[in-house]
Each structure stands twice: as structure tokens, then as C-alpha cells.
Amino acid sequence: MKKFAILFLIIANSLNAQISRIEPGNWWVGMKLNQITLLVYGTNIHNLEPEIKYQGVKIVKTEKVENPNYLFVTINISPETVVGTAKINFKNNNKTIITKDFPLLPREINSANRASFAPKDAILLLMPDRFANGDPKNDNTTGSLEKSNRSDESGRHGGDIQGIINNLDYIKTLGYTQIWNTPLVENNMPKYSYHGYAATDFYKIDSRYGTNEDFKRLVSEAKKRNIGVIWDVVLNHCGSEYYFVKDLPMKDWLNFQETKTRTNHIKSTLLDPYATEQDKIGYTDGWFDTSMPDLNQRNPFMASFLIQNTIWWVEYAGLSGFREDTFSYADKDFLAKWTKTVLDEYPNFNIVGEEMTTVTELSAYWQKDKVNVDGYKCYLPTLMDFALTENLVKSLTTKNDWESTWKEHYKGMGQDYLYPNPNNLLIFPDNHDMDRIFSRLNKDLDNWKIAMALYTTMRGIPQFYYGTELLFTNEKSGNDGQRRADFYGGWPGDSKNAVTGKGLDTKELEAQKYLSNLLNWRKNAAVIHNGKFIHYAPEKNDVYVYFRYNDKEKVMVILNKNKEKVNLDMNKYNKMVPNTFNAKEIISNNDITVNNTLEIAPKSAIILEIK
């Protein structure tokens, strides 16, 4: 009698079973990653047995976990599988309780060989909530916990995907060929949700930005203008309102699941030969914040979920690259697997990792082909070069009576030998986590111009932050709200408009034109994209000179931070150029003849295309 009661209870629970999610909700035929693990979530589903009767698709295994609301179903999709919709029947006692569709889609033509961002590109970084409000109707959507409040610098302001689409022509005119948006996935948190780094659904665009289809349309519209779209990936953490945080699948789904211990933020522990395992774990496993749970990538189900999700977005939307947030905070073995899996699927794909440090050794450790003393191999193609930004600001804002302050930058560049591929570093004057470059340069327009000339001619891939071309500032150092100010003209009634020029002052118009001219010239300057780099040690005259060159072209860049003009003796550079030569000066667009010496105006940049 007791056995019958238990059997009856199991059957009753199964009949009450519900499935609310299968993630991913579809896959593509012809992928190298053709064995995937579906996360199935619902109510009382642990006794259900999935079945697929579709030629080429096979269930490899079904795994139950501690929480009866989860099943993990691993399926294999053979290369011969025909495009269509498979039915997943969830059964109990050979009776189908629930049936779910699982679409098997065709891949975009030549998807595996898709182009990605590279040194030929210039990237515009956008924070969607602060860029432009193209659809005020989605400012406050049903079910969203935080409402729009533009007067709150830490609140949501209403920018969205339609706002980006509306400004694509402006972005193209400026000279950009790639857009990197901070995360667009749902961040349904009670407050401070606009930045996007506390995801509550990795598979869904936040409804206050639009829909998944809207994002796909953004990528399509950008491609029409020869602009790629880079996806901001977060592998380390999510938001506390995520369904799989509020209803945990198992005991080790998160790190420090019970204590919510914060990270120690000490990056050096990963390379430190004297560091304890406790301190290393304190870095990688600690939470950024009690509202941002740390994901445990050592859990194989979590690892599969994250890998599949990032590849899903590439195929679904047609992405041209990844920027990966807080790179080294995730488990290092997982990072090697994730980067390798992505590159196996897309050999030309580029991924830039955020390793927020000015210590070159800590950054170079992660780059593909780096030979590390501990034998660790990662497959990350690109890293963000925070050291270059720090050194450049020091060089342009400090004085030294003994030697040129350009030596800060010069010596920093000398550390490039630590990188297997320094030409593939992401270089940037600022971003959403840094004070605005114009503020850091003490609002000196001449020094800002020198910096822009450097970033458009230096080795690497340049990225600029929206508003840099308009001399955006933050009056309070470290203030995120001011660093992430609303773009001019992104909202009806704005007193300034970047696109039309309304309300812009003389300096803002001058800066906008200056950077746009450099970026549009750079588009076709192959020598800047792939040329070699050589620089000359700066002397007390505080002039920094370097060349970009290949077998056919040569560009000479001269940066003078002095308040006085400098007569440059060309004899010093005769290994690269003769004492007398003709050139086109890019910034002024003038043809010039150099004869033994060249006069450089005070606080100015010169870019010479040698003829």
C-alpha cells in the first residue's frame, strides 16, 4: 500500500510538471559545437524523461540534480541533420506529459569564417541607456523593477536600441567601423541596473532596450553601413534576481554561495609563486557585490551554459566580435576552454579581454601564444591596454626638469615584448569605467588633440568612448554617473545636439571635426593597420617621434607637448627618412617639403605621409 502511495505521488507530481525554459531554445545545423547541454527549468520535472525522434539528433544523456526543478539534457546534432523543428517529448511512465519544439536552424552563409574586428577598425563604445532614446514607449516596461528617472545619475535614463539605430549614420560619418555596446541583456534589478553587468537573463535583451529582434535589426542596419557589432560578454557574474540564483540548481552553482564573500581584487595572486590557494580563490571566487553572484565555471553545467550562450548570440545576431568583462576573475581553466571553443568555431573571430591593470606582465599572461612559466595556455587574441592610457596621461600632464616626460610612454611601449601580438591590443583614451580623457588632461584641448593623433596612429586597435569627440568631462573624479553622461541630442529637447551641431560651442565643434578627420583618414591607411612600429627615445625637447611603415608606405608622427615651437633636426631620423623629402601632412591636409629641419608648432601633432 505504501509503495502504491509513493508511486501515485510521483505520477501526480509529474502530471503537475511544467517547463518554463529550455536554454538554449534552438541550435544550428553544421556547427563544430554540435553536442550541447540543454538547461531545462520548470516545476517538478525531475521525473520526466526526454525523448527526441528526429533524424540526426540524439539524446546522449539526461542528468538530474539536487533541485527537482531542473534537468540537464545533452544532445548531439550530426552534420547530416536536416534543418527543421525537432519535438522534445518529456515523458513519465512512457506517457508524454509535455512537448516542446526545438528548432534546428540553417547557419548564415560562411558563418564560421565571419570577419571580426582588427587593427584596421576603429571602435565606438556606447552605453545604450545613456546614448539615445529612440523609443520612449519602452522606458518603463511591464515587470521591470527599476523605472526610468533621467534626473538620477545612477538610474535608468531611457536610451535604447532604436536610439542607436537612429544614429548609425552619425557613427559612420565620424569614421567608426565597429560598435561595442555595454551589455544589452536583461538586468531586471531593483536599482542601478542601467550599466548592464548584472544580468538576469543571458538569452534576452532587456525590454527597456527593445527585443532580441530589435538587436538583430541593429546588427543588420549597422552592416549596411559597413559597421560591425561587438557583444559585451560577462562570464564571471550575474545579477541576484536571476531565476537560477533565486532557485539554485545545485550546491556549487555559485562560488561562496552561502557567505557571499567579496573578491579581494588582487590580480597578482594568479601569477604570484608565493600566494596561497586561499588568496587565489579569494580573487577568482569572490563576489563583486552582494547583488552580483559569482558564477562557478568549474561546474560543468555552468561552463556549458556560458559557452553555448556566447556562441548562440554570434549565430543569432551575426556578431563581429566579443569584449569579455573582468576577464581574469573567472576560472582560468574555463577561460582557456571558452576562448578555444569560440575560436574553433570562428577561426577569424576576435575577442578582447578586460584585464584592468597597468602591469604588463599580468595582462600579457592571457594572450594567445604566450609562453608562460607555469605552462598555462589561454587563447584570448586581444587585451585592453590600460598601461598605454595611464602612461600617456602622465606624459601629457606632468613635468620633469631632468628628462622628457614622454619617457613614461616610451618605456611603457618598450614592454611590448611581453605580448605575443602587441599589434592586436585594444588601445583607448577612456571608457565607461574611467574618468573622461578630457578631464584627465585638465581640459587642455591641445593635449587632447595630441592624444587623439596618437590613438589613431599607434599600434593596436583604437576604441573611443561616445562623447570623446565632444570633449565630454566628469567634474567629480570617479563619478560613474558623470563618466556615463547622456549623449547630446539623444533626448528630445536637449539643449545640445551632436548630430545637427545645435548648441555646440566652438571647441566642441573643433574637436568633433578633428577626430572625425583622423578616423576617416585612418580607414584607408593600411600602413597604420598593419605597418611596423619604431619610435625614438624622446630628449629634453619633449618631442616624441615614431614611424609606422611597410614595404610601400611610411608615416612619421611627431608629437610636441612644449609650449614653445621646436625645430626638429631631421638628421636624427635618417635611418627612416632622408634629410630632405616631400610629404602630405594629414591634420592640416597640406603638402610640405622638409629640408634638414622641420618646425613644429607649440603643443601640436603632425602626421606626415612620406612621398
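**Figure 1. Asn94 in the loop between β7 and β8.** Asn94 sits in the loop that links β7 (84-92) to β8 (95-105); strands here, like helices, are DSSP runs (E, at least two residues, for strands; H or I, at least four, for helices), numbered from the N terminus. The model is a predicted one, so to read the views: local features need pLDDT of at least 70, side-chain atom pairs count only at pLDDT 80 or more, and totals for chains, interfaces and linings use all residues. Residues are numbered from 1 along each chain as its sequence is written, and side-chain values use heavy atoms, with hydrogens and water left out. Asn94 isn't a glycine, yet its phi is positive, near 65°. With 73% relative accessibility, Asn94 counts as exposed (exposed is over 50% relative accessible area, buried is under 20%, and partly exposed is in between, using a 1.4 Å probe and protein chains only).

**Figure 2. Lys260, another residue with positive phi.** Lys260 has a phi of about 55°, again without being a glycine. Look for Lys260 in the loop between α6 and α7 (277-284). Its relative accessibility is 40%, so Lys260 counts as partly exposed.

**Figure 3. A cis peptide bond at Pro24.** The bond running from Glu23 to Pro24 is cis, and its omega is near 0°. Pro24 itself belongs to the loop between β1 (18-23) and β2 (27-28).

**Figure 4. Thr141 and its partners.** This one is in the loop joining α2 (128-131) and α3 (161-166). Thr141 counts as buried because its relative accessibility is 14%. Its side chain makes a polar contact of 2.5 Å with the side chain of Ser144 (a polar contact is a pair of N or O atoms within 3.5 Å; within protein, one must be able to donate a hydrogen and the other to accept it, and residues adjacent in sequence count only if both atoms are side-chain atoms). Setting aside neighbours within four places in sequence, Thr141 touches Lys147, Ser207 and Arg208, where contact means heavy atoms within 4.5 Å.

Figure 5. Ser240 is part of the loop between β13 (228-233) and α6 (243-246). At 23% relative accessibility, Ser240 counts as partly exposed. Beyond its neighbours within four places in sequence, Ser240 is in contact with Met189, Val245, Lys246, Thr290, Ser291 and Pro293.

**Figure 6. The covered helix α14.** Ten of the eleven residues of α14 (residues 445-455) are buried, so the helix is mostly covered. Among the buried ones are Trp448, Ile450, Met452 and Tyr455, along with Asn447 and Lys449. At the helix start, a side-chain oxygen of Asp444 comes to within 3.0 Å of the backbone nitrogen of Asp446.

**Figure 7. Tyr488 and its contacts.** The loop between α15 (480-483) and α16 (506-522) holds Tyr488. Tyr488 has a relative accessibility of 23% and therefore counts as partly exposed. Leaving out neighbours within four places in sequence, its contacts are Leu470, Phe472, Asp494, Lys496, Asn497, Ala498, Leu504 and Glu508. Gly503 lies 15 residues away along the chain, with 9.3 Å between its C-alpha atom and that of Tyr488.
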